[in-house]
Amino acid sequence: MERMESRGISGLYVIKVLESPDSMLDEEPCTKIYQKKCVENENPYLIRVFLNDCKSAPLAITTYKTSKVDKYED
C-alpha cells in the first residue's frame with residue numbers, strides 16, 4: 001500500500017478502478033489490466049492496475065499512473 005501512495009495512488013482509487021474500469025485488457029494468461037481515466041489539476045491521467053486472476057484470491061501485481069493516456073487506449 002505504501003508504494004501505491006508514494007506514486008500518488010490511493011488504495012480506494014485502486015478499488016474504484018477494479019470495480020468500474022473504463023477498459024480491461026488480457027495481458028497474458030492469468031494477468032488482466034484494468035484501466036480508468038482520471039483528471040488531476042486539469043491534467044488527464046490513466047490509472048493502470050495489473051491483476052493476477054488465477055490466484056484463489058486475485059492479487060494486484062502492480063499499479064501506476066501515467067500521463068500517456070493515448071499510448072494505452074484502444
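Two strands are taken as paired if DSSP finds at least two bridges between them. With that in mind, here are some close-ups of this predicted model.

**View 1. An open sheet of 4 strands.** The strands follow the order β1-β2-β3-β4, and their pairing is antiparallel. At the edges lie β1 and β4, each of which pairs on one side only. Neighbouring strands of the sheet are turned by 25° against each other on average, direction ignored. Strands in a sheet pair through backbone hydrogen bonds, in either a parallel or an antiparallel manner.

View 2. To find your way along the pair, look for S23, whose bridge partner in β2 is Q35, and then for E28, which stands opposite T31 in β2. The two strands form a hairpin with 2 residues between them. In the turn, C30 has a positive phi of about 80°.

**View 3. The hairpin of β2 and β3.** Moving across the sheet, β2 is joined to β3 (residues 43–52) by 10 bridges, and these strands also run antiparallel. A handy landmark is I33, which stands opposite F50 in β3. This hairpin has 2 residues between its strands, and N41 in the turn shows a positive phi of about 50°.

**View 4. A disulfide between C30 and C54.** The sulfur atoms of C30 and C54 are 1.9 Å apart and form a disulfide; the count for the model comes to 1 disulfide. The link is left-handed, with -85° about the S-S bond. It ties together distant parts of the chain: C30 sits in the loop between β1 and β2, C54 in the loop between β3 and β4 (59–66), and the two are 24 residues apart.

View 5. Is C38 buried or exposed? C38 is buried, because its relative accessible area of 11% falls under the 20% limit. C54 has a relative accessible area of 52%, over the 50% cut-off, and therefore counts as exposed. C30 has 29% relative accessibility, so it counts as partly exposed.

**View 6. Helix α2 on the sheet.** Which strands does helix α2 lie across? Helix α2 (residues 11–19) lies across β2, β3 and β4. Against β2, the helix runs at about 120°.

Notes:
Residues are numbered from 1 along each chain as its sequence is written. This is a predicted model: local features need pLDDT of at least 70, side-chain atom pairs count only at pLDDT 80 or more; totals for chains, interfaces and linings use all residues. Side-chain values use heavy atoms; hydrogens and water are left out. A disulfide is a pair of cysteine sulfur atoms within 2.5 Å. Buried means under 20% relative accessible area, exposed over 50%, partly exposed in between (1.4 Å probe, protein chains only). Axes are lines fitted to C-alpha atoms, for helices over the stretch in contact, and angles run from 0 to 180 degrees between N-to-C directions. Contact means heavy atoms within 4.5 Å.
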